[in-house]
Amino acid sequence: MKASLYEALGISPTATDEEVRAALRRLIRKYYAKTRDGQGNVEEALRFINHASRILSDPERRVRYDNDLARSDGTAARAVAHVATNAMSGAAEGTDVAIAPPSPPSDPGAPDSQEGRDAREKRGRSAQHPGLTEPVTSFGRPAIVTIALCVLFGAFIAAAIVVVMPVDTVQVAKQVLVWLTLTLLALTAVYGVVHGMARRRGPPPTQVLLPQTDIAILNWRREKSVFLGIDQPQEDASWIFQLRMAELERAKTGRTSEPRPWNRLGARLFDYSIWGIVLALLLSELRGVHLIPESAGYWLGHPLIAPVLITASWIAVEALLMASVGTTPGKWLFGCYVQFSISDAYARRDMRAQLLRTAKRAFRVWWQGMGCGFPLLSPILVAIAYEHIVQNQETDWDFSQDCLVTYAPPGLLNMATGVCGLAAMLWLYGVAWHRPIADTVASVGNAIVRAMPAAGSLLPREILGPGGVAGMVSGITQPDRGVPLPPAGKASEAPIDSDVAAIFAERKARVAVLKADGPRALRAGNYKRAAELCGSWANLDLGNADAWRCLGEAQQALGNHQEALNAFRKAKQYDPADHSLDAAIDRSQKGIVGDFLNRYKK
């Protein structure tokens, strides 16, 4: 029994274009993961996909193919006999390899005539599927290029860590580890819930290739087991040569189409993380030249808003990189490759069309796969996308843009750079965001406490009356009435020791003098004297943020950026709501880096 194209692909004759492309992708994915087996099965399957795509992707050819099936009255034997009597009549059609027919002559004086347009359309329809012979992306394959790029990524991340490394590293590390542990536990719980719901729902019904149709596909050319219609497409010898070369290249590089969701997740996170560092440096420069207010800069870098901006701005960058070089830093490091319009033989593959496809896919990833980068929604959608890849071997954005994602062994250097880079950037974001997260949690906690009703509004008045709880509490807390209590206010005013009172008074007067003289010397430009006065002021009044700020500004003016950084961080510790200190800290950090570079240049 001969099979039709629809039967070979396991779809209905009334299938939509999306269903046809999905069936072709399943077949491509199956044989793309295999290497040469010595029997030519991979080549036979891909050559069949070439014919099926050229017939079913063209609406006119599909209509003619359906008419051929209808004229055969549903019997494939009569259809094959009809093909055998008509296939030899034309030189331009057939299943055997042949040289493409020469282009029909056209009138030079009428380049836009109807005949010329028809001839160009015919030549376009006779073209082979270019996606199946697409060369393996070789960006960075030479060893020297790989080493250089890995060193560049590592140096960039290390420099960013050095710049933001706090003075109290141990204390900050403890807080960051606590937040990272809580985040990991929350992500584990989210994935467990999503995975449990997916298992309870059960795997979706997926169409698989039946054994008999699989055999028909592999023997379509030897045994004429699949009916391709009367007007069968013609193969080109040069295209078959390119197909074999591409197959050898995939086998050489270990390319496979088996799903690897963790590689895809690592590549995506690496891209977002390194792009976030670039945006953070840009934001720091804009705040340094006062183009962005301090309050706006604080909220732009807040951990609830910054991920949205990072992921949204990455859409255009990813589209440009994918359209120009075919990969991104994360995809290159983790060995992920994306091919667009893999099942459409007639899809445009110029730069503009490729840029549009990559932009649409990047937007779908941002909107549907990352939840617009919102931190509380992204983990849930990432877990759902993971389940989609495991069950369907592709995501919704791969389906919509007809993408085939393949993988190759990234190599030890690439994998080490990617994993260590992700760990380092995780530490970097933890250091940068642990304080805003703590402030946000404290603010939310205070708001909840303020919103809670008081005890007086919940308990009856009889209980709170003099004979109830209030009387009991007053009786417990009140001392014996026989012991006289000192008047309120006088106990604190009466000195315990006259010498201690004199020392406190002298210290208070000294602080008042330094509080006036230190800022005055700073405004006058006498930075050395200001550093001495503000330093004494800070030592006497340790919890005063103004004293530490005065010391930091004086040390910064003297060029002592490390001392200034320590003072500004002390001020920030005692006054975390003052966002103007962030810009001062950034200037001190840049000064430290500048001194380091100047020292080694000499």
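## Overall organisation

In the protein chain, 77% of the contacts with a separation of 6 or more are between residues 24 or more positions apart. The model is predicted. The protein chain contains 26 helices and six strands. It has 602 residues, of which 39% count as buried.

## Helices α2 and α3

Helix α2 covers residues 17–32 and helix α3 covers residues 41–56; the two pack with their axes 10 Å apart, at an angle of about 165°. An angle over 145 degrees counts as roughly antiparallel, and α2 and α3 are therefore roughly antiparallel to each other. Their crossing is left-handed.

On the α2 side, the contact is made by V20, L24, L27, I28 and Y31. On the α3 side, the residues that meet them are N41, V42, A45, F48, I49, A52, S53 and L56. Sorted by class, the contact of α2 with α3 has 11 nonpolar residues, two polar ones and no charged ones.

## Helices α11 and α18

The second pair joins helix α11, residues 261–288, with helix α18, residues 412–451. Their axes come within 10 Å and cross at roughly 50°. That angle makes α11 oblique to α18. The crossing of α11 and α18 is left-handed.

Helix α11 contributes G266, L269, F270, Y272, S273, I274, G276 and I277 to the contact. These meet T417, G418, G421, L422, M425, L428 and Y429 in α18. The residues of this contact divide into nine nonpolar and six polar, with no charged residue.

One of the α11 residues in this contact is S273. Leaving out residues up to four places away in sequence, S273 touches L422, M425 and Y429. The relative accessible area of S273 is 14%, so the residue is buried.

## The disulfide and other cysteines

The structure holds one disulfide. C534 and C550 form this bond, with their sulfur atoms 1.8 Å apart. C534 lies in helix α23 (residues 527–540) and C550 lies in helix α24 (residues 545–558), so the pair ties together parts that are 16 residues apart in sequence.

Both cysteines of the pair fall in the buried class: C534 has 0% relative accessibility, and C550 has a relative accessible area of 5%. Two further cysteines are also buried. C336 has a relative accessible area of 4% and counts as buried, while C403 is buried with a relative accessible area of 2%.

## I592 in helix α26

I592 is located in helix α26, which spans residues 580–601. At 27% relative accessibility, I592 counts as partly exposed. Partly exposed is the class between buried, under 20%, and exposed, over 50%.

Setting aside neighbours within four places in sequence, I592 is in contact with H561, Q562 and L565. The C-alpha atom of I592 is separated by 8.6 Å from that of N560. Along the chain, I592 and N560 are 32 residues apart.

## Two loop residues with positive phi

H290 has a phi near 65°, a positive value in a residue other than glycine. H290 lies in the loop between α11 and α12, the latter spanning 294–300. With a relative accessible area of 61%, H290 is exposed.

S341 also has a positive phi in a residue other than glycine, here near 50°. The loop that holds S341 runs between β5 (336–339) and α15 (351–369). At 7% relative accessibility, S341 counts as buried.

How values were computed: Residues numbered from 1 in each chain as written. Predicted model: local features only at pLDDT ≥ 70, side-chain atom pairs only at ≥ 80, totals over all residues. Heavy atoms only, no water. Axes fitted to C-alpha atoms, helices over the stretch in contact; angles between N-to-C directions. Helix = DSSP H or I, 4+ residues; strand = E, 2+ residues; numbered from the N terminus. Parallel < 35°, antiparallel > 145°, perpendicular 65-115°, else oblique. Left-handed = near helix turned anticlockwise from the far one by under 90°. Contact = heavy atoms within 4.5 Å. Nonpolar A, V, L, I, M, F, W, Y, C, P; charged D, E, K, R; others polar. Disulfide = S-S within 2.5 Å. Buried < 20%, exposed > 50% of the residue type's maximum accessible area, 1.4 Å probe, protein only.
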